[in-house]
Structures are given as C-alpha cells and as structure tokens.
Amino acid sequence: MSAAGATLAVVGAGGNVGSHLVPLLARLPAVGRLVLVDRGSYQAADLVTQAITPRDVGRPKARVQARRARRLRPQLAVEALHADLAAVPPGRLRGAALLACLDGRAARQRVNELARWLGMPWIDGGVRADGLLARADLYGAGEESACLECAWSEQDYAALETADPCGEGEPAPTGAPAALGALAAALQALLCGRLLAGEAPPALPEGGDGWRVVLAAGHGRAQATRLP
C-alpha cells in the first residue's frame, strides 16, 4: 500500500469535515492524485463551519476544494466530480484508500460496499456537536476485515434514508463548529498517512480488523477501540 504518487478518493469532499481534510491530504508527500466527490454547492451559511471564503459561495464544492488542493501542490493531479456518489463509476474511485466525510447512513453504506468491492481500505470520519465528538474509523481491505454494517442494529437500517446525501434531500446540518470538523479531518489524515507508510495503527492487528478513535473535545477524553 505504501507508494509515492498514491491515489486517494474523498467522498463528501466539501463539507464540515471534508473541506478541512482535502488540504491535509494534498500535503501528504506520498499522495500523487486526489479524486474529490461532492454533489453540493456552497451556501453563505457554510462560511461559518467549512474551510471556504466568501468568493466560494454558489460554486460546486468539489471544484472549489480541487482548486485549493492544486494551489497547495501544483504538481498534484486532482479530479473534481460534482455528482452524486451513485452516479460515479466505481473504477474512478480506485486507489490506495477511500475517505468518507458523510452524514447519511445510506451514503456511508454505499462507500463501504464500494471499498470492499474495489479491495480498498477506507476511513470514515464524522462529528457530533453534542459533546464535541470527533471520530475516525478505519476499515481494512480484506474480506475478513471489519465492515461498517457489522455493528449496525435494526434502528440503523430503519434510518437508512435519513440525511442521505445520495437521496433526494440535502443532509441535515450537524451543527458542529469548524474546529470540530477540522479535528475529525486531522484524525482521518493521520490514519491515512500511516496507511500510506505501511504502518498499522497500534490497535489494528496484522490482518486488518477495524479501528476507531473518538476524541471528546468537550471533556478532554480520547478512546480507541476495535471494530467488529
């Protein structure tokens, strides 16, 4: 997995987490290409929570973040896909790792399916404003690796269409501050850097069980656990 010029795909590249994640990935020396997927366009309200400027309002999120990444590293190859995830051919996401910054369960389920079908590890990031929680989950590429749905309950399946970025409606805002999104993005970028360097996280045994790290910024606590 460790190689210069690695390709990374980011789904939900323009949101509260994704807009902070893209520049961090662009700065990783091992990364040679980024594929950014986001169907949304920026609104004025996003200025408070996302890493953008007033001139970005009204523009497609994926293209804004692609331009930003190219400015940071002109030699970096960046592909911006202003589209629903469901409309993106799976092969265009193929690379060293897939990173997701999504609110909806159905969209995350789709990313999980794509990553396993493509044989790629993926890193899921998220935030919860209540408690100021930032989270990053790492799922391995092997068939015996942890799977997103292994930990799901009947309630998770019942809520599949809630806040689904690939569905008809826009996902509900998390209400999380920009700093919390940046924290979750940093966790994802650090995990990704270790993957590209061929280093497994301390809690991830050889063979690829899943690993989760949660930071409760409001309480100054951190927790790392294995995923089923």
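1. Y157 is partly exposed, with a relative accessible area of 38%.

2. A word on the basis. The model is predicted, and local features need pLDDT of at least 70, side-chain atom pairs count only at pLDDT 80 or more, while totals for chains, interfaces and linings use all residues. Residues are numbered from 1 along each chain as its sequence is written, and side-chain values use heavy atoms, with hydrogens and water left out.

3. Overall layout. The chain holds five helices and eight strands. Helices (H or I, at least four residues) and strands (E, at least two) are DSSP runs, numbered from the N terminus. Along the sequence the order is β-α-β-α-β-β-α-β-β-α-α-β-β. Of the 228 residues, 49% count as buried.

4. Surface and contacts. The accessible surface of the chain comes to about 10400 Å². Carbon and sulfur atoms make up 53% of this surface. The areas come from the Shrake-Rupley method with a 1.4 Å probe, and for residues only the protein chains shown count as cover. A contact means heavy atoms within 4.5 Å. Among contacts in the chain with a separation of 6 or more, 69% join residues 24 or more positions apart.

5. Aromatic pairs. A pair of aromatic rings is described by the distance of the centres and the angle of the planes. Rings of Phe, Tyr and Trp (its six-membered ring) pair if their centres lie within 6.5 Å; planes under 30 degrees apart are stacked, over 60 edge-to-face, and the rest tilted. By this rule there are two aromatic pairs. The W122 and Y139 rings have centres 4.9 Å apart and planes at 15°, so this pair is stacked. The pair links distant parts of the chain: W122 sits in strand β5 (residues 122–128) and Y139 in strand β6 (residues 133–139), 17 residues apart. W122 is buried at a relative accessible area of 1%, and Y139 is buried at 3%. In the pair W152 and Y157, the ring centres are 5.1 Å apart and the planes at 75°, so this pair is edge-to-face. W152 is buried, with a relative accessible area of 14%.

6. Strand β5. Six of the seven residues of β5 are buried, and the strand is mostly covered. Two strands pair if DSSP finds at least two bridges between them. Strand β4 (residues 97–100) runs parallel to β5, joined by three bridges. Seven bridges join β5 to β6, and these two run antiparallel. I123 shows both pairings: L99 stands opposite I123 in β5, and I123 stands opposite L138 in β6.

7. β4, α3 and β5 form a right-handed β-α-β unit. Right-handed means that, with the strands pointing away from the viewer, the path from the first strand over the helix to the second runs clockwise. The hairpin of β5 and β6 has four residues between the strands, and G131 takes a positive phi near 90° there.

8. N112. This residue lies in helix α3 (residues 105–118). N112 is buried, with a relative accessible area of 2%. Which backbone atom does the side chain of N112 reach? It is the nitrogen of L148, at 3.3 Å. For reference, a polar contact is a pair of N or O atoms within 3.5 Å; within protein, one must be able to donate a hydrogen and the other to accept it, and residues adjacent in sequence count only if both atoms are side-chain atoms. Neighbours within four places in sequence aside, N112 is in contact with W122, C147, L148 and E149.

9. K61. Helix α2 (residues 61–72) contains K61. Is K61 buried or exposed? K61 is buried, with a relative accessible area of 13%. K61 and H82 are 21 residues apart in sequence and 7.4 Å apart in space, C-alpha to C-alpha. Leaving aside neighbours within four places, the contacts of K61 include G14, D38, Y42 and D46.

10. L76. The loop between α2 and β3 (77–81) holds L76. L76 is buried, with a relative accessible area of 4%. L76 and L34 are 42 residues apart in sequence, yet 7.7 Å apart in space, C-alpha to C-alpha. With neighbours within four places left out, L76 is in contact with residues including A26, V31, L34 and A69.

Methods: Buried means under 20% relative accessible area, exposed over 50%, partly exposed in between (1.4 Å probe, protein chains only).
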